[in-house]
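Hi,

Here is the structure I said I would pass on. Have a look at it first, and my notes on what turned up follow below.

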Amino acid sequence: MTSIEGTVTAVSSNGVYSFTKPNRESITLLAGLGVEGDVHAGVTVKHRSRMAQDPTRPNLRQVHLLHEELFAEVAEDGFRVSPGDLGENVTTRGIDLLGLPVGTLLHLGDEAVVEVTGLRNPCFQIDNFQDGLLKRVVSRDEDGRLIRKAGIMGVVRQGGTVTPGATLTAELPAGPHRPLDRV
């Protein structure tokens, strides 16, 4: 078993639909549901567009995690992004979240465990937040493949409280590894 360590730098939640989420002193993850009190918590999909398609589908987007390193990357083009601004619940540092395989277990602090399900699929709301930002978080590689940089999604396997400064440990699944795709 391979593990990688990083840090939780911020936690955020919002009980109403909005693009950004205010930072909190802590959040509580609930097994099988997501972030306590967050509008996206639930067993079935809570994202508006997904509910319109099929509200009975399982919620594979209970927790949104975003790497803090993205903030410096987009700042090079003049964008100012802070924790919670892109709607993430957990902001991290030190782990290449986008490079993790499906099924990775993320241990957040002493108790909580989130299983990685896939990539966040960035939408037009990012340009409503800051015009032109969407092109910085979605691009194409030299072979024309879509690159999504707006974080990853997961489901809560074990509940617990998560605070800024908590250790984040990524426990990779047994191989072969399946690369992340949008969920």
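Let's start with the pockets. Helix 1 (residues 48-53) supplies four residues to the lining of the largest pocket, the largest share of that lining. Helices here are DSSP runs of H or I with at least four residues, strands are runs of E with at least two, and both are numbered from the N terminus.

Before going on, a caution: this is a predicted model, so local features need pLDDT of at least 70 and side-chain atom pairs count only at pLDDT 80 or more, while totals for chains, interfaces and linings use all residues. Residues are numbered from 1 along each chain as its sequence is written, and side-chain values use heavy atoms, with hydrogens and water left out.

Back to that pocket. Its volume is about 570 Å³. Of the 23 residues lining the largest pocket, His40, His47, Arg61, Cys123 and Gln125 are the closest to its centre. By type, the lining splits into six nonpolar, eleven polar and six charged residues. Here Ala, Val, Leu, Ile, Met, Phe, Trp, Tyr, Cys and Pro count as nonpolar, Asp, Glu, Lys and Arg as charged, and the others, Gly among them, as polar.

On the method: a pocket is an open set of points on a 1 Å grid over the protein atoms alone where a 1.4 Å probe fits, with protein on both sides within 12 Å along at least five of seven lines, and lining residues have an atom within 4 Å of a point. Grid points are joined across faces, edges and corners, and the volume is the space filled by probe spheres set on them.

The second largest pocket comes to about 210 Å³. Its lining is made up of Val45, Arg50, Gln53, Arg57, Pro58, Asn59, Leu60, Arg61 and Val183, which divide into four nonpolar, two polar and three charged.

An open sheet of three strands runs in the order 4-3-12, with antiparallel pairing. Strands 4 and 12 are the edges, each pairing on one side only. Two strands count as paired if DSSP finds at least two bridges between them. Strand 3 (residues 27-30) has three bridges to strand 12 (residues 160-162) and two to strand 4 (residues 34-35). Leu29 sits opposite Gly160 in strand 12 and is also the bridge partner of Val35 in strand 4, while Ile27 pairs with Val162.

Elsewhere, strand 13 (residues 167-171) pairs antiparallel with strand 1 (residues 3-12) over five bridges, and Ile4 stands opposite Ala170. Strand 13 also pairs antiparallel with strand 7 (residues 105-108), over four bridges, where His107 partners Thr169.

Cheers
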